[in-house]
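User: I'm new to this one and would like to learn how to read its pockets, its metal site and its cavities. Could you walk me through them?

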Amino acid sequence: MQVHRIELLQVRMPLVSPFTTSFGTQHTRLALLVRVEATTDDGRGGAADVVGWGECVAGEHPVYSAEYVAGAHRVLAHELVPLLARASGPNGRADIAADGVATALAPIVGHHMAKAAVEMAVLDAELRGRDQSLADHLGATRSRVPSGVSVGLQDDTDTLVEVVRGYLDEGYVRIKLKIEPGRDLDLVRAVRATFGDDLLLQVDANAAYTLADADHLHGLDDFSLLLVEQPLANDDLWEHAQLARTMDTPICLDESIESVADATAAIEMGATTVVNIKPGRVGGYLEAVRIHDRCRERGVDAWCGGMLETGLGRAANAALAALDGFTLPGDISASSRFYVEDITEPFVLEDGHIRVPRGPGLGVEPVPARLDAMLERRDDVTPA
Ligand code: OSB
Ligand code: MG
C-alpha cells in the first residue's frame, strides 16, 4: 500500500477507579495511537483509500517495560515512521505491506510496543481495503472470547473481596489478583474462602519478588490457582525455571516474553508453563500468532494479556484471543472495567464473554467526538 499520511495521537482517558499494581497507582490511561491514511489493493484488482488505526500499549512511565509513551512517540516520529517511508517500492513511492513492517523496522533495536503500533495500523488499513476482518486474517475460530478481569491492589482485604464480588456479579469468568510482597497470601486466602474452589483464580506479581522469596511463594500452592504470573524480574528466566521446579502452581511469564525466541527459550528451560501473549510487548499481532503457534506445538497453555487498551486494542485482542491455541480466559474485559467512556463504541460483557468484531480490519473505529474530548496532542509525522 501507499501511505500518504501518518499521525500520532495522544489521548488521556480517566479510569473508573485507580488501578494499583506492584508498580504503583494510575488514575488515567495515556494512550498513544497511530493513524495512517493509505491507498491499498481492494483485492479485486482495484484500489481503495483507507484509514488504519494502531495502538501503542506503552505506559506513561517505564515501569512495566523500558518503553513509555513519550519515548515511543519520539522513536515513532523520528526513527520508525521515516524507516517505514523508506521501505519504498517502484517509483520511490512508499509501498509497504503489513507482513513487511517488522522487516522494514528491524534496523531499530527493541521498541516492540512502538513497532507493534505501526504494524497494527498498516494491517488495519490493508484489511479494510480488502474487506477482511482481523479475526479472519489471523485465523480466529471463535465468535466470542471468555472474559477475565485483572483486579488491582485495594486498600484492604474486605474491599478487595467486595470488588471481586462486583466483577463476578457482572459475569466475569476468571479473576486475576495483583499481588506484591506483604499483600499476597492473605488476599488469595480471603478470595478463595469467600467464593469457593470453583472460581477460576490467578495472581500477577509484576516482577515484585526475588528467588529469596521462594519459600513464601510456595504458600500459593495451597490455593489451586490457575497460575502465578511473572513472580520474578523480567530478566530472571533462569530463576523462574528454578522456582517452577519446586512449585505446584504453574508459572506464567508476562514481562519476560518479548518475542517468539524468548517464548521458546522460556518454555524449553522450564521457566514458563503458561504464556501470557501480549501483542504490543512482542512487536505485534503477527509475532503474537507465531508465539501462539509455538505454544500449541509444545502443548503449552496460552492466554491473551491486556494493557488497558482502548477499544481499538481491545478489538484486536479479542480477534487474536479467538484463535484456538488461546486455552485460558484472557484479560479482555469490557470497556467499562477501565473507562467511563471508550474512544470506540464500548465492548460489553455478554454472558461473561466479549464478542469478536467481524467488520473489516479491527471492526471498530474511534468515535470522533469521544476522541476529540480526550485528545491531548495530535502530530502529523508524515515524512516530507
Ligand atoms: O501485568 O498484565 C499486566 C496492565 C498494565 C500493565 C501490565 C499488566 C496490566 C494488567 C491489566 O494486568 C490487564 C488489562 O488490560 O485488563
Ligand atoms: Mg502481568
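Analyst: Let's go through the features one at a time, keeping in mind that this is a predicted model.

User: Okay, pockets to begin with. What volume does the largest pocket have, and how many residues line it?

Analyst: With a pocket, you look at its volume and then at what lines it. Here the largest pocket has a volume of about 620 Å³, and 31 residues line it. Nearest its centre lie Phe 19, Thr 21, Phe 23, Gln 26 and Leu 308. Two or more lining residues come from each of strand E1 (2-21), strand E2 (24-41) and strand E6 (174-178). The biggest giver is E2, with 7 residues.

User: How does that lining divide into nonpolar, polar and charged residues?

Analyst: You get 9 nonpolar, 12 polar and 10 charged residues.

User: Phe 23 is one of the residues nearest the centre of that pocket. Where does Phe 23 lie, and which residues is it in contact with?

Analyst: For a single residue, check its place in the chain, then its surroundings. Phe 23 lies in the loop between E1 and E2. Leaving aside neighbours within four places in sequence, Phe 23 is in contact with Val 63, Tyr 64, Asn 206 and Glu 255.

User: Why does Phe 23 count as partly exposed?

Analyst: Because its relative accessibility is 31%, and partly exposed covers the range between under 20% (buried) and over 50% (exposed).

User: Now the metal. Which residues coordinate the magnesium ion (ligand 2)?

Analyst: The magnesium ion (ligand 2) is coordinated by Asp 204 (OD), Glu 229 (OE) and Asp 254 (OD), at 2.0 to 2.3 Å. Along the chain, these donors follow the spacing D-x24-E-x24-D. Asp 204 sits in strand E7 (residues 201-204) and Asp 254 in the loop between strand E9 (251-253) and helix H9 (260-268), so the pair ties together parts that are 50 residues apart in sequence.

User: Are Asp 204 and Asp 254 buried or exposed?

Analyst: Asp 204 is buried, with a relative accessible area of 0%, and Asp 254 is buried with a value of 0% too.

User: Which element gives the most to the lining of the second largest cavity?

Analyst: H3 again, with 4 residues. That cavity holds about 40 Å³ of space, and among its lining residues are Met 120, Leu 123, Asp 124 and Tyr 285. Its lining has 6 nonpolar, 1 polar and 1 charged residues.

User: How many of the residues of H3 are buried?

Analyst: H3 is mostly covered, with 18 of its 18 residues buried. From first C-alpha to last, H3 reaches 25 Å, close to the 26 Å expected at 1.5 Å a residue. Just after H3, Asp 131 takes a positive phi of about 65 degrees.

Conventions: Residues numbered from 1 in each chain as written. Chains lettered and ligands numbered in written order. Predicted model: local features only at pLDDT ≥ 70, side-chain atom pairs only at ≥ 80, totals over all residues. Heavy atoms only, no water. 1 Å grid on protein atoms, 1.4 Å probe; cavity = no way out; pocket = protein on both sides within 12 Å on 5 of 7 lines; lining within 4 Å. Points joined across faces, edges and corners; volume = space filled by probe spheres on them. Nonpolar A, V, L, I, M, F, W, Y, C, P; charged D, E, K, R; others polar. Donors = N, O, S within 2.8 Å, 3.2 Å for Na, K, Ca; no water. Buried < 20%, exposed > 50% of the residue type's maximum accessible area, 1.4 Å probe, protein only. Expected span 1.5 Å × (residues − 1). Contact = heavy atoms within 4.5 Å.
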